[in-house]
Amino acid sequence: MSNKQIYYCRPVFRPPSEGNSLLIQLTEGCSFKCDFCMSNLRKNFKIRSVDEVKKDLDIGARSKYSSSVRKLFFLDGNAMVTPVAKLLELTKYAMMNFPNLERVGVYAHAKDILKKSDDDLKALSDAGLKIAYVGFETGSDELLKMVHKNATKMDFINASKKLMKADITLSATFINGLGGAGNEDISKVHALESADLVNKICPDNDRIWYIAFLSLMVPPGTVMHERKLRNEFKEMKSYEILLELKLFIETINFTNKSANCIFRSNHASNYLPLRGVLERDKSKILNLIDYGLNNKEILKAEHYRAL
Ligand SMILES: C[S@@+](CC[C@H](N)C(=O)[O-])C[C@H]1O[C@@H](n2cnc3c(N)ncnc32)[C@H](O)[C@@H]1O
Ligand code: SF4
């Protein structure tokens, strides 16, 4: 590695909303192995050393663009797995070396949030780690087991509450179509349990939190793809995905009616881009879903979908 260039182990994994952030490789791949995910393909999981990461931060800080860095994201699929002392040291180092850095973000599996104490999370938040992107995928324990997510609905509830208590913004993702075609019951439970999960984590204050839906893609190399090749798994059609999403939105019912839950389904994998505040914009979102269901020509063509 040249000492003038920041090191990357490609392909890197980052949320779309961190597209303009400085990306720093803290971990490589992921310590988990969910059936649908590509994070581990062609990568051996690794947490890089403090010295290696600091070298990359130094390179970024010396660049003529360093004063324009406002957001930094520690790669890869689950940097929250990093032991707290190390993550804290690197977050502090980043905040110290970039004069206008406002926040550091990570992907975080629920189990790795739960392993950290409230004090650990508060220390990380105070140091500058202000957003965690957590893959919920579904609120259905049965489906979570089926895709080997290694977490339960209760884990997501507890992890979300811990993040909010520490003042770390939660950005959670669900996957429409996760249960596959041909099983309406799984799809229904997926929608209902996911909405129940979101209802249960809704804070009683006006803090902003994010819920995003992606639509399942089945990339080659994943366990799910192998199942598809064996005809054991079939993807849902776009209208089935929309019906599933519709049931989710219909079931949202917050006790706190002035909650600030930003909902999005504008990821490249989605058939219909949607955006709004739950549950304030519920009827607007439902009308758009109905419009999509009745006008299939406006839905994204299969070949334009991507992860
Ligand atoms: C790179 S993962 C990181 C999430 C974090 N490791 C966790 O599990 O909490 C980001 C998210 O992308 C989504 N994702 C990954 N593979 C997908 C696929 N094949 N189809 C649709 N969404 C997918 C999932 O919601 C996943 O949680
Ligand atoms: S979804 Fe998250 S935890 Fe699961 S393999 Fe991908 S990056 Fe790892």
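Arg42 is found in the loop between strand S2 (27-28) and strand S3 (46-47), where helices (H or I, at least four residues) and strands (E, at least two) are DSSP runs numbered from the N terminus. Before we go on: this is a predicted model, in which local features need pLDDT of at least 70, side-chain atom pairs count only at pLDDT 80 or more, and totals for chains, interfaces and linings use all residues. Residues are numbered from 1 along each chain as written, chains are lettered from A and ligands numbered from 1 in written order, and side-chain values use heavy atoms, without hydrogens or water.

Back to Arg42. What is phi of Arg42? Near 60°, a positive value in a residue other than glycine. Most residues other than glycine have a negative phi, and most peptide bonds are trans. Is Arg42 buried or exposed? Arg42 counts as exposed because its relative accessible area is 76% (exposed means over 50% and buried under 20%, with a 1.4 Å probe and protein chains only).

Now hop over to Asn231, in the loop between helix H8 (223-229) and helix H9 (238-251). Phi of Asn231 is also positive, near 60°, and again the residue isn't glycine. With a relative accessibility of 72%, Asn231 is exposed too.

Next come the peptide bonds. Which kind of bond runs from Leu75 to Asp76? That peptide bond is cis, and its omega is near 20°. You'll find Asp76 in the loop between strand S4 (71-75) and helix H2 (84-97). Another cis peptide bond runs from Leu278 to Glu279, this time with omega near 0°. Glu279 belongs to the loop that joins strand S10 (275-278) to helix H10 (282-294).

Time to look at the ligands. How many residues are around ligand 1? There are 19, and those that come nearest are Gly77, Gly135, Glu137, Lys149 and Met217 (a residue is near a molecule if one of its heavy atoms lies within 4 Å of it). Around ligand 2 you can pick out Cys30, Phe32, Cys34, Phe36, Cys37, Ser39, Gly77, His109 and Lys149. So let's follow Lys149, a residue that is around ligand 2 and among those nearest to ligand 1.

Lys149 lies in the loop between helix H5 (141-146) and helix H6 (153-165). Is Lys149 buried or exposed? Its relative accessibility is 6%, so Lys149 counts as buried. The side chain of Lys149 has a polar contact with the side chain of Glu137, at 2.8 Å (a polar contact is a pair of N or O atoms within 3.5 Å; within protein, one must be able to donate a hydrogen and the other to accept it, and residues adjacent in sequence count only if both atoms are side-chain atoms). The side chain of Lys149 also reaches the backbone oxygen of Gly135, at 3.4 Å.

Follow Lys149 and Glu137 across to ligand 1. An N or O atom in the Lys149 side chain is 2.6 Å from an oxygen atom of ligand 1. Glu137 has a polar side-chain atom lying 2.6 Å from an oxygen atom of ligand 1.
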